[in-house]
Amino acid sequence: MMPQTPAPRVCSHCDGFPVVHITTGSLTLDGKRRTLAAACPDCKGTGTRTARPALAHAGK
Ligand SMILES: [Zn+2]
């Protein structure tokens, strides 16, 4: 038997768009819109999540 590595799945929290840019409404000195990059808190900006091995060998 081969050990199976969990396939990375698209993050259900951000649906594969881990980093969004939020306009703050203020302008920079050169007239551009100021944006903030916000990474998805769930996948930490990777866009994918690996399924955790739930309770594998949890017995102690
Ligand atoms: Zn995410």
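Trainee: In strand E2 (residues 19-27), how many of the nine residues are counted as buried?
Mentor: This is a predicted model, in which local features need pLDDT of at least 70 and side-chain atom pairs count only at pLDDT 80 or more, while totals for chains, interfaces and linings use all residues. Residues are numbered from 1 along each chain as its sequence is written. A residue is buried if 20 or more other C-beta atoms, placed from the backbone, lie within 10 Å of its own, exposed if 12 or fewer do, and partly exposed in between. Strand E2 is hardly covered, and the count of buried residues in E2 is zero.

Trainee: Which elements does the protein have, and in what order do they run from the N terminus?
Mentor: Helices (H or I, at least four residues) and strands (E, at least two) are DSSP runs, numbered from the N terminus. The protein has four strands and zero helices, and the order of its elements from the N terminus is β-β-β-β.

Trainee: In which sense do E2 and strand E3 (residues 33-39) pair, and over how many bridges?
Mentor: Two strands pair if DSSP finds at least two bridges between them. Threonine 23 stands opposite threonine 35 in E3, and valine 19 has alanine 39 of E3 as its bridge partner. The pairing of E2 with E3 is antiparallel, and the number of bridges is six.

Trainee: Which residue in the turn of the hairpin formed by E2 and E3 has a positive phi?
Mentor: Between the two strands of this hairpin lie five residues. The one in the turn with a positive phi, of about 85°, is glycine 31.

Trainee: Where is aspartate 15 found, and is aspartate 15 buried or exposed?
Mentor: Although aspartate 15 is not a glycine, its phi is positive, at about 60°. Aspartate 15 lies in the loop between strand E1 (8-10) and E2. Because 10 other C-beta atoms lie within 10 Å, aspartate 15 is exposed.

Trainee: Why is lysine 44 exposed, and how many other C-beta atoms lie within 10 Å?
Mentor: Lysine 44, in the loop between E3 and strand E4 (48-50), has a positive phi near 60° although this residue is other than glycine. Lysine 44 is exposed because the number of other C-beta atoms within 10 Å is 11.

Trainee: What percentage of the 60 residues in the protein is buried?
Mentor: In E3, the count of buried residues among its seven residues is zero, and E3 is hardly covered. For the protein, the share of buried residues is 5%.
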